[in-house]
Amino acid sequence: QQTRHLITFSLLYRHRRPADAVKAIADAQYSYIIKTFYDTGKQAFRSRVGADGTPKDEAKQLYTEAFAIYSLSLYACVFGNNEAAELALRCFREMDARIHDGVHGGFDQTGDRARRLPEGVGKETNTHMHLLESITALYEATADPVSKQRLEEMIRVFCENILQPDNYCHTAFGLDWTPQGDNRVEYGHDLQSAWLLMNAARVLGRIADSEIIHAVTSMGVHSSCEGFDPDNGGYYYTGMVHGDITRPNKDWWV
């Protein structure tokens, strides 16, 4: 939650309102995150603290670290804060050295106790989607060569492993990217993945890459055709591939 506030005000300053008042809020939020959530010894970020900043959950969660890297990288890029960029890079390097899968690509989530993945699941699209987002921002802020390698890898993983022949993003996988569980589609995540792939392509100078364009078009068109409610508007939460809508409710993030 706190990192998303930093993301919001950094983007507001960049795109709409480059005012001192907006920068002041972003600066204060950055200082708060570093003071209360950053674990200096482990070069990673806690998931939860109390109202007074007392740590409540010391378990390191990949999802949480992705948002920390994204928010610090974006803040660094928008406001020219070298300290924020260095902290984001340290967090990424620690995470990369600990759980990057050098054989199959992506990141091993089996030790991520806070995420509680089902039996047989070692990687999930949701977390890797946010890792794609965070590594894009990190590379844009630092031009770090390892983050560039991982960003290229993440694009390949989405185009070749996560995107299925039926033009949807499967939600859960084994460590070798073998799909696990049913063929459930999360329409909002497919749309979000398409956007984040295009943003990664932009940062890498691959915006006209035909493979990426094909992947994002496949995701977006399938999600729009299968998941949009033509009667009431909006996108459903989940459904089965070319089948029934399983969760017809409309959630805000979708």
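Does Phe228 count as buried, partly exposed or exposed, and at what relative accessibility? This is a predicted model, and in it Phe228 has 36% relative accessibility, so Phe228 counts as partly exposed. The cut-offs here are under 20% for buried and over 50% for exposed.

Now the rings. The count of aromatic pairs comes to 9. One of them joins Tyr32 and Phe37, edge-to-face, with 6.1 Å centre to centre and 75 degrees between the planes. Tyr32 is partly exposed, at 29% relative accessibility, while Phe37, at 11%, counts as buried. Phe228 also has a partner: with Tyr235 it forms an edge-to-face pair, 5.3 Å centre to centre, the planes 70 degrees apart. There is also an aromatic cluster made up of Tyr13, Tyr30, Tyr75 and Phe79.

On to the helices. H3 covers residues 62-79 and H5 covers residues 125-142; their axes come within 8 Å and cross at roughly 25 degrees. Angles under 35 degrees count as roughly parallel, and H3 and H5 are therefore roughly parallel to each other. Their crossing is left-handed.

Which residues make the contact? On the H3 side they include Leu62, Phe67, Tyr70 and Cys77. On the H5 side, His130, Leu131, Glu133 and Ala141 are among them. By type, the residues of this contact divide into 12 nonpolar, 5 polar and 2 charged.

To go back to the opening question, Phe228 is partly exposed. That is my part done.

Definitions and conventions: Residues are numbered from 1 along each chain as its sequence is written. This is a predicted model: local features need pLDDT of at least 70, side-chain atom pairs count only at pLDDT 80 or more; totals for chains, interfaces and linings use all residues. Side-chain values use heavy atoms; hydrogens and water are left out. Axes are lines fitted to C-alpha atoms, for helices over the stretch in contact, and angles run from 0 to 180 degrees between N-to-C directions. Helices (H or I, at least four residues) and strands (E, at least two) are DSSP runs, numbered from the N terminus. Angles under 35 degrees count as roughly parallel, over 145 as roughly antiparallel, 65 to 115 as roughly perpendicular and the rest as oblique. A crossing is left-handed if the near helix is turned anticlockwise from the far one by less than a right angle, and right-handed if clockwise. Contact means heavy atoms within 4.5 Å. Ala, Val, Leu, Ile, Met, Phe, Trp, Tyr, Cys and Pro count as nonpolar, Asp, Glu, Lys and Arg as charged, and the others, Gly among them, as polar. Rings of Phe, Tyr and Trp (its six-membered ring) pair if their centres lie within 6.5 Å; planes under 30 degrees apart count as stacked, over 60 as edge-to-face and the rest as tilted. Buried means under 20% relative accessible area, exposed over 50%, partly exposed in between (1.4 Å probe, protein chains only).
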